[in-house]
Amino acid sequence: MKLLKLLKRLAFGLLGAVMAVLVTATVLEKIYGTDFAAAHIYGAGWFAALWGALTLAALACLFRRKLWRRPAVLLLHLSFAVILAGASVTWLFGRQGTLHLRTGDPGATAFAGRDGSEQILPFRARLDDFRIEYYAGTRAPMDFVSLLTLTADDGSLHGEVGMNRILVFRNYRFYQSAYDEDGRGTTLSVSYDPWGIGITYAGYGLLLVSMLAFLCDRRGGFRRLLRSPALRKAALCLVLCTAAVQGARAADTLPQTLPREVAAELGDLYVYYNDRICPLQTLAKDFTVKLCGKSRYRGLTPEQVLSGWLFYYDDWKREPMIRIRSAGARRLLEVGGRYARLSDFRNRVNEYRLEGAAGRPAGEADEKFNIIGMVCTGSMLRIFPYTDPSDSLLRWASQVDGLPRELPHGQALFIGRAMNYVSELVVKRDWAGVAGVLRKIRSYQQKEGGAHMPSGLRFRAEKLYNRLDWSLPLAAAFILTGIGGFLDACRRMVRGRAFGAKTRGWLLAGVAAGGLYLTLMLALRGYVSGHWPVSNGYETMRFMAWCTLLLTLLFARRFLFLLPFGYLIAGLSLIVSMMGESNPQITQLMPVLDSPLLCIHVMLVMVAYALLAFVMFGGVAGVVLHRRARGAAAQLQAVSRLMLYPAVFCLAAGIFVGAVWANVSWGRYWGWDPKEVWALVTLLVYALPLHAGSLPWFRRPLFFHWFCIAAFLSVLVTYFGVNFLLGGMHSYAG
């Protein structure tokens with residue numbers, strides 16, 4: 001028994017040391033750079049020895065406790081040992097580096113290692129061709145492809161390397177990394193790891209099987225919690241709070257613009273914007289949001305705002321609608337409120353007030369000034385497609401762009417004068433004529449663009465997505481409902497009161513309605529963009545809100561106190577998604593992100609974070625209720641422990657699916673990027689309360705709840721701290 005206690009202390013002490021080293025390493029990397037952390041920590045022998053000691057101590061504990069009687073538990077821990085063994089083999093015997101090739105050269109028989117040394121290849125690698133593939137009708141890269149010939153003494157291989165498409169020859173793996181500006185050269189990542197990858201992948205597979213077996217094990221902690229009497233006694237009630245209605249702005253004279261129906265015809269045009277072909281309505285919405293922070297201005301649609309600036313510049317330059325966030329920029333512009341007029345950007349002698357001003361605040365205001373200029377001159381409205389006679393490629397022009405001399409005279413005349421004619425009709429207030437010319441421009445677009453144009457269904461889907469902009473009021477309603485529900489739930493639990501089925505039904509209906517709205521918005525955004533909407537911070541936080549609502553619907557009938565937490569987490573997720581921009585632009589997917597493994601990775605991690613947020617709010621409720629309702633705190637502990645199992649398992653699966661994706665994309669499944677490190681730290685932190693048998697503190701409800709509150713800081717650092725403070729390849733803010 002003394003030996004077992006000593007082994008436990010050693011194992012968990014080493015685990016704490018590993019977590020402390022990982023956290024310290026990310027801070028030192030931020031201060032001294034990636035090379036310092038790689039050389040002195042991640043690549044150091046003492047770091048590998050620390051992991052080895054932890055593995056041996058943990059395995060000794062497992063066998064001392066005779067856990068072979070619990071196959072699922074034993075396999076779960078052994079899978080991590082196998083993963084670490086694979087990583088050790090890669091560290092000891094693997095080789096990685098880069099290979100630069102040029103078309104026309106005889107080829108290369110060596111590549112540059114990470115330490116700068118020359119690594120000999122047992123064959124010759126030659127670049128036959130390199131090409132960039134673009135999304136149809138655009139200049140946005142879809143893929144980068146290198147055509148290679150690999151020749152050895154006893155055979156050769158002709159193949160291609162692209163983004164997320166590797167080429168393997170004699171255990172050497174080639175990955176697309178970069179290319180030369182002239183398009184005649186490529187840089188490939190090279191990885192030689194004949195045994196480590198296989199061992200590591202075997203560990204991933206064993207981990208997946210063991211997690212499923214653990215959840216199904218009748219003797220396991222998860223199944224015991226499902227049968228816990230504490231869960232059957234849990235009963236809470238919620239109160240639906242109504243969101244405050246925003247007061248309408250006092251009606252005064254609106255600036256001139258097109259009638260709504262005519263402006264809608266303008267928004268129905270195609271435009272080449274943000275490296276893709278989309279409705280001009282999308283550009284109008286982004287323009288309006290960029291200027292005033294909202295998709296509408298004083299009841300005017302985005303198309304009316306855009307057309308107002310386009311055709312009634314003198315009216316709109318005096319309109320206080322340009323949101324200036326920085327107090328410093330407001331001082332430079334000499335405006336008292338949060339909104340400025342375009343005329344405020346120049347002083348009485350027509351000098352630009354921000355000339356020479358440095359810093360992000362002045363830059364943000366300057367950007368808005370320049371965007372208005374691009375709209376008013378028409379240079380942003382690239383609405384005229386034409387086929388370039390020199391290369392037969394489809395290009396898009398605005399009315400002020402230069403055109404090829406070889407372009408037919410009539411077509412060039414139409415491109416240069418069509419919008420001027422629209423302006424003349426606007427002056428005459430001939431709205432029928434304006435609508436007619438805009439429809440002719442659209443017919444020209446469809447005829448000239450041909451097969452490169454988005455389908456009618458996709459075009460209409462994007463317009464619907466632009467109109468369904470209810471995220472902010474939905475988030476406010478969810479947060480108010482969650483706060484009110486949480487306070488009322490605590491009060492009712494203390495008093496032991498039951499709750500009505502009608503209130504429960506209304507709350508569940510609210511969750512279902514919010515879930516349907518987010519389902520529709522995610523589906524529309526995914527369909528319009530052509531990829532799963534999980535490629536940036538905005539999309540992943542909305543996906544987390546969707547996961548939260550789905551989990552609330554699945555579990556609320558059994559654990560109804562999850563309802564206020566579901567409302568709170570979904571509302572906060574929506575608010576966080578809009579911190580950067582209320583609805584960031586839809587863009588073509590970066591080639592490296594075009595992988596189903598990325599989608600699975602993000603989905604698993606977001607489900608884990610949603611569950612961990614439930615656990616955190618359960619901790620808050622447990623701390624609040626501990627003194628007045630100890631039984632309630634114990635019930636909340638049982639439910640939180642129940643959610644911890646799938647949360648930790650989803651996080652583990654998400655991390656290792658991400659590792660497989662990284663191996664396919666970049667040639668290494670773990671690179672000690674700060675995001676990877678903090679995800680691992682989060683996994684280790686939340687694994688601790690699952691070992692209540694070895695760590696008796698976690699059996700105490702109050703300690704457990706305080707731990708769950710504090711542990712959520714690791715989630716916040718992983719998602720937000722890395723993005724905004726630590727940086728790294730995974731850093732994205734939205």
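In which sense do strands β13 and β14 pair, and over how many bridges? The points below take this up first. The model is predicted.

1. β13 covers residues 384-387 and β14 covers residues 394-397. The two strands run antiparallel and share 4 bridges. Thr387 has Leu394 of β14 as its bridge partner. Between the strands lie 6 residues. Ser392 belongs to this hairpin and adopts a positive phi near 60 degrees.

2. **Gln445.** This residue sits in helix α15, which spans residues 431-449. Is Gln445 buried or exposed? Its relative accessibility is 0%, so Gln445 counts as buried; the cut-off for that label is under 20%. Its side chain reaches the backbone oxygen of Ile383 at 2.6 Å. Beyond its neighbours within four places in sequence, Gln445 is in contact with Leu269, Tyr270, Ile383, Pro385, Trp396, Gly450 and Met453.

3. **The largest nonpolar core.** This core holds 105 residues. Which members touch the most others? They are Leu22, Tyr42 and Met606. Helix α22, residues 630-666, supplies the largest share of the core, with 18 residues. As a general point, nonpolar side chains in soluble globular proteins tend to be buried together.

4. **Tyr42 in detail.** Set aside its neighbours within four places in sequence. Tyr42 then contacts Leu22, Ala25, Thr26, Glu29, Ala37, Phe47, Trp672 and Val677.

5. **A second core.** A separate core of 58 residues is also present. Among its members are Leu291, Val305, Ala418 and Val426.

6. **Helix α23.** This helix runs over residues 674-687 and has 14 residues. How many of its residues are buried? The count is 14 of 14, and the helix is mostly covered.

7. **Whole-protein figures.** The protein has 24 helices and 14 strands. Of its 734 residues, 52% are buried. Among contacts with a separation of 6 or more, 66% join residues 24 or more positions apart. The accessible surface comes to about 34000 Å², and carbon and sulfur atoms account for 60% of that area.

Methods: Residues numbered from 1 in each chain as written. Predicted model: local features only at pLDDT ≥ 70, side-chain atom pairs only at ≥ 80, totals over all residues. Heavy atoms only, no water. Core = buried A, V, L, I, M, F, W, Y, C linked by side-chain atoms within 4.5 Å. Buried < 20%, exposed > 50% of the residue type's maximum accessible area, 1.4 Å probe, protein only. Contact = heavy atoms within 4.5 Å. Pairing = 2+ DSSP bridges. Expected span 1.5 Å × (residues − 1). Areas by Shrake-Rupley, 256 points an atom, 1.4 Å probe, with all protein chains shown as cover. Polar contact = N/O pair within 3.5 Å; in protein donor to acceptor, adjacent residues only side chain to side chain.
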